[in-house]
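Good morning, and thank you for coming.

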Amino acid sequence: MKILLPVDGSPASLHAVRHALRLVDEGLRASFVLVNAQPSATLYEVVTAHDPDVIREVRGAAGADLVAAAEALLEGAGVEFETEVIGGDPEHVIVEAVERYGCDAIVMGAHGAGGWRAALLGSVSQSVLQHSPVPVTVVSLADDEADAAPAGDEGAPEDEADEG
C-alpha cells in the first residue's frame, strides 16, 4: 500500500505521520509519499526576483525545511518513502500527487484554531476529503497534545519520546 502524507511542518501534520507509522507498527505494509505544497509565486515575487529559477529554488528550500522532521521520522522507522515539494494550492497538489504516485490512501493532519473551531476540519482537509479519489484519514491533534510536545522534539517518534 502506498500512502500520501501531506506535510507542512505543523504539529498536526507530524502527528499524522506518527499515526501512519503506528499503522506500520501494527502490521500494515506501506510505503509513503511526503508532499509539501508551496504557494505559487506572488506578482511581487515575480517582479522583484526577475528569475523563476530563483523563486523555485527558494520555495524548494522552504519546502525541504518543512518536510525534514517528517523525513526524520520515516527514516528512523526504516520505511520506504519519496518526497516532493511542489508549488500550487495544497488542495489540488495533494489530489494530483495521489494520482501521479498511484497512492492508495491519504493520511493527513486536521488543522483547527482551537476551542469550538477545533471541531471543524481545516479548509485543505475538507477539500481533500471532497475531491480525493482514494480514502482519506484525517488525524486530529487535540489542543493538549499540541501544547505537550516539547520544543525541538518534532523529529522524534511519539513512542520514543514517551519512553524517555
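This is a predicted model: local features need pLDDT of at least 70, side-chain atom pairs count only at pLDDT 80 or more; totals for chains, interfaces and linings use all residues.

Which residues have the most contacts inside the largest nonpolar core? They are Leu5, Val17, Phe32 and Leu74, and this core has 19 residues. A nonpolar core here is a set of buried Ala, Val, Leu, Ile, Met, Phe, Trp, Tyr and Cys residues joined through side-chain atoms within 4.5 Å. Buried means under 20% relative accessible area, exposed means over 50%, and partly exposed lies in between, with a 1.4 Å probe and protein chains only.

Residues are numbered from 1 along each chain as its sequence is written, and side-chain values use heavy atoms, with hydrogens and water left out.

At least two of its residues come from each of β1, α1 (11-25), β2, α3 (52-77) and β4. The most is given by α1, with 5 residues. These helices (H or I, at least four residues) and strands (E, at least two) are DSSP runs, numbered from the N terminus. Leu74 touches Leu5, Val17, Leu21, Phe32, Leu34, Val79 and Phe81, leaving aside residues up to four places away in sequence; contact means heavy atoms within 4.5 Å. Apart from this core lies another, of 15 residues, with Val33, Ile94, Val98 and Ile106 among them. In soluble globular proteins, nonpolar side chains tend to be buried together.

I turn next to the strands. In β1, 4 of the 5 residues are buried, so the strand is mostly covered. β1 runs parallel to β2, and 5 bridges join them; two strands pair if DSSP finds at least two bridges between them. Leu4 has Val33 in β2 as its bridge partner. From β1 the chain crosses through α1 to β2, and this β-α-β crossover is right-handed: with the strands pointing away from the viewer, the path from the first strand over the helix to the second runs clockwise. β1 also pairs with β4 in the parallel sense, over 2 bridges, and there Leu4 stands opposite Ile106.

What does α4 pack against? Its buried residues pack against β1 (2-6), β2 (31-38), β3 (81-87), β4 (105-109) and α5 (123-131). Those buried residues are Glu91, Val93, Ile94, Val95, Ala97, Val98 and Tyr101. The helix itself covers residues 90-101, and its 12 residues reach 16 Å from the first C-alpha to the last, close to the expected 16 Å, which is 1.5 Å times one less than the number of residues. Just after α4, Gly102 takes a positive phi of about 70 degrees.

Finally, how many salt bridges are there? The count comes to 2, where a salt bridge is a side-chain nitrogen of Lys or Arg within 4 Å of a carboxyl oxygen of Asp or Glu. In one, Glu82 pairs with Lys2, with the closest N and O atoms 3.3 Å apart. This pair links distant parts of the chain, 80 residues apart: strand β3 for Glu82 and strand β1 for Lys2. Glu82 is partly exposed at 35% relative accessible area, and Lys2 is partly exposed at 21%.

Arg100 forms a salt bridge with Glu84, the closest N and O atoms being 3.0 Å apart. Arg100 lies in helix α4 and Glu84 in strand β3, so the pair ties together parts 16 residues apart in sequence. Arg100 is partly exposed, at 44%, whereas Glu84 is buried, at 17%.
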